[in-house]
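Please have the sequence and the structure at hand while reading.

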Amino acid sequence: MHLKLPLSLKGMTTLDRDQFKQTISVPYVNIPVECIQSSKWKNYLLCLPSLKNVRDLQPILKTHKQVLFDPDIIENKEDVIKKIPSITKYVEESFDFTPLAITYENYSIEQVIKAILPDDLGKDRPINTGSGYSLIGHIAHFNLKDAVLPYKHIIAQVVLDKLTHVKTVVNKLHEIDSVYRNFELEIIAGEPNTIVKCRESKAIFQFDFAKVYWNPRLSTERERIVNVLHHNDLVFDVFAGVGPFVVPASMLGCTVYANDINPESVKWMTINLKTNRTKKSSNEYHVFNLDGREFLRTIVFPRIESYQKNIANDNEKRWCLSDNKIIILMNLPDIALTFLDVLPEWLSENIEEKQQWILPIHIHCYTFSKADNPDEDIRLRLKTILPNINDNQISCRFVRQVAPKKDMMCVNIILFDKKKKETRNECDEEKEEKNPTKRFKQDSSE
């Protein structure tokens, strides 16, 4: 239902809940309890926060209930009969209107904020006027523009009132720091406590939101990656944060090597790996506090070489792990792509030995693109970093739009995938069998 609010609320900077009181006229029908089907009628019922649309009759009559309908949809009894013909009898007997007292509690966060803020805010270009926020544990996190800042305290108070599990409201002050990936924030209402607990991918994460990076809007993407992991996969996370990828990976039984340059992230990641450990996650986990390139050179590459040699020289392991893979995760979209510049030198060393490797390596590297064709843009950038990688080893996937004309993308680079190569070779052989002349010409030239 659309509730009209007095214009006197516009520009309010100190919350006066009494000004939201009003009385509206609402249509109702008294219906026997056994005939009420609220789920089927939900499109016609009065739906407001903290208000029951099926209520006791006064004086209390146990056999019947009073059902309240939305006055924007139901204007007369003919409307009810037309939309819900099964209750025609009760409509004829009891349809009427009743005065209903509406208070501050019956408005949504969006309705209250819209009633308070001046209409010209966001007129020139869309801005977050307070209805957009992220929930991280007990914290509601805003990123308010300058034009909205005079109303930040009243917006925060409304959120505290309406979301009972929220105890702290914060506002982002600056862009994400390029080194530690955290940002300065201001507590604008509630308790001065930024240490949170939140659940994702069947894991419980703890961290200090003021000192580390956490974006709940990436939960779907993180779940997508976790869903492609298998028990005994080898996972390296170059920019692991507090562990949103590696903790569920460890719980699945993957061997995990996790790194972050932020000591505070490493601290909480270690806690999260430990507290979420299960019988299934009996595999090793290793945590590092290094620069990303140093982690790749000194930990990732040597561990991969050792692991691949070990499998290649052990027939039992080759059989047991033949369907497994090695995953390298690089979620630092601003600059992650540039860290791939350490790959060419490593790939050029001991080529013959690497050609014997069994497990494919999947690199999931996140980046931003402002181009009309993000896929083409990313491939062109990759060519300058990895000139010897073939196009068929690269795939790009849209993750989400972070701003107008700015997309977050995931680049998947696959190395040493023997199965894929074998499939390609089989296809080539089929083509040659269908075209023996072409095969003869190729053989002759050799």
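## Strands and backbone

Strand β1 (residues 22-32) runs antiparallel to β4, and seven bridges join the two. The model described here is a predicted one. One place to look at this pairing is Ile24, which stands opposite Leu100 in β4.

Both strands belong to an open sheet of four strands, ordered β2-β3-β1-β4, with antiparallel pairing. Its edge strands are β2 and β4 (96-102), each of which pairs on one side only. Neighbouring strands in this sheet are turned against each other by 45 degrees on average, with direction ignored.

Another open sheet is made of seven strands. Their order is β13-β12-β11-β14-β15-β17-β16, and the pairing is mixed. Here the edges are formed by β13 (285-288) and β16 (394-403), and each pairs on one side only. From one strand to the next, the twist averages 15 degrees.

How do β12 and β13 run, and how many bridges join them? Strand β12 (residues 255-259) and β13 run parallel, joined by four bridges. Within this pair, Ala258 has Val287 in β13 as its bridge partner. As background, strands of a sheet pair through backbone hydrogen bonds, in either a parallel or an antiparallel way.

In general, most residues other than glycine have a negative phi, and most peptide bonds are trans. Against that background, the peptide bond between Gln58 and Pro59 is cis, with omega of about -5 degrees. Pro59 sits in the loop between β2 (54-56) and β3 (64-68), and these strands are part of the four-strand sheet.

| Residue | Phi | Loop |
|---|---|---|
| Asn232 | about 80 degrees | between α6 (219-227) and β11 (234-237) |

Definitions and conventions:
Residues are numbered from 1 along each chain as its sequence is written. This is a predicted model: local features need pLDDT of at least 70, side-chain atom pairs count only at pLDDT 80 or more; totals for chains, interfaces and linings use all residues. Side-chain values use heavy atoms; hydrogens and water are left out. Two strands pair if DSSP finds at least two bridges between them. Axes are lines fitted to C-alpha atoms, for helices over the stretch in contact, and angles run from 0 to 180 degrees between N-to-C directions.
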